[in-house]
Amino acid sequence: MAQMKLKYCVYILYSLKDKLLYIGYTTDLEKRFDAHSKGYSEATAPRRPFILIFSEYYLSKKDAKRREGYFKTTAGKKALKIMLRESLIEASEL
């Protein structure tokens, strides 16, 4: 059976400046994180610096976009805070 590449990524960044999360979607996490870090994204430029605290990969673009949308809801943000409890504590100490 041929191995398929999971190319759709949902990622969570933690702003060391405002201590808030940024939720995004990409097909190239390294390139996208670099863009956030260098201030190329208008939405996140004033919130730099960031650290990557979470990512998930999907075969389906629709699944990835649905997951990104969920994480942006109140319930999704609550789930992230539970899932990433220790990571958020460690990140806030940086």
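Reader: Where does Pro49 lie?

Author: Pro49 lies in the loop between H1 and E3. Helices (H or I, at least four residues) and strands (E, at least two) are DSSP runs, numbered from the N terminus. This is a predicted model, where local features need pLDDT of at least 70, side-chain atom pairs count only at pLDDT 80 or more, and totals for chains, interfaces and linings use all residues. Residues are numbered from 1 along each chain as its sequence is written, and side-chain values use heavy atoms, with hydrogens and water left out.

Reader: Is the peptide bond from Arg48 to Pro49 cis or trans?

Author: That bond, from Arg48 to Pro49, is cis, with omega near 5 degrees. Most peptide bonds are trans.

Reader: Which other residue is found in the loop between H1 and E3?

Author: Ser41 is found there, between helix H1 (29–37) and E3.

Reader: Buried or exposed, that Ser41?

Author: Ser41 counts as buried, because its relative accessibility is 9%. Buried means under 20% relative accessible area, exposed over 50%, partly exposed in between (1.4 Å probe, protein chains only).

Reader: What is Ser41 in contact with?

Author: Leaving aside neighbours within four places in sequence, Ser41 is in contact with Arg32, Ala35 and His36. Contact means heavy atoms within 4.5 Å.

Reader: Switching to strands. How do E1 and E2 run?

Author: They run antiparallel, and six bridges join strand E1 (residues 8–15) to E2. Two strands pair if DSSP finds at least two bridges between them. One of the partners of Cys9 to look for is in E2: Thr26 is its bridge partner.

Reader: Why is E2 largely enclosed?

Author: Five of the six residues of E2 (residues 21–26) are buried, so the rest of the structure largely encloses this strand.

Reader: What is between E1 and E2 in the hairpin?

Author: Five residues sit between the strands. Lys19 is in that loop. Lys19 has a positive phi of about 65 degrees, although it is not a glycine.

Reader: What phi do most residues have?

Author: Most residues other than glycine have a negative phi.

Reader: Now the largest nonpolar core. How many residues?

Author: It has 15 residues. Those with the most contacts inside it are Ile12, Ile53, Phe54, Ala64, Phe71, Leu80 and Leu84. A nonpolar core is a set of buried Ala, Val, Leu, Ile, Met, Phe, Trp, Tyr and Cys residues joined through side-chain atoms within 4.5 Å.

Reader: Which elements supply this core?

Author: E1, E2, strand E3 (50–58), helix H2 (61–71) and helix H4 (85–92) each supply at least two residues. The largest share, four residues, comes from E1.

Reader: What does Leu80 contact?

Author: Leaving aside neighbours within four places in sequence, Leu80 is in contact with Ile12, Leu21, Ile23, Phe71 and Arg85.

Reader: Last topic. Which residues line the largest pocket?

Author: Tyr14, Lys19, Leu20, Leu21, Tyr22, Ile23, Lys72, Lys77, Lys81 and Leu88. E2 gives the most to this lining, with three residues.

Reader: Where do I find Ser60?

Author: Ser60 is in the loop between E3 and H2. The C-alpha atoms of Ser60 and Lys17 are separated by 33 Å.

Terms used: 1 Å grid on protein atoms, 1.4 Å probe; cavity = no way out; pocket = protein on both sides within 12 Å on 5 of 7 lines; lining within 4 Å.
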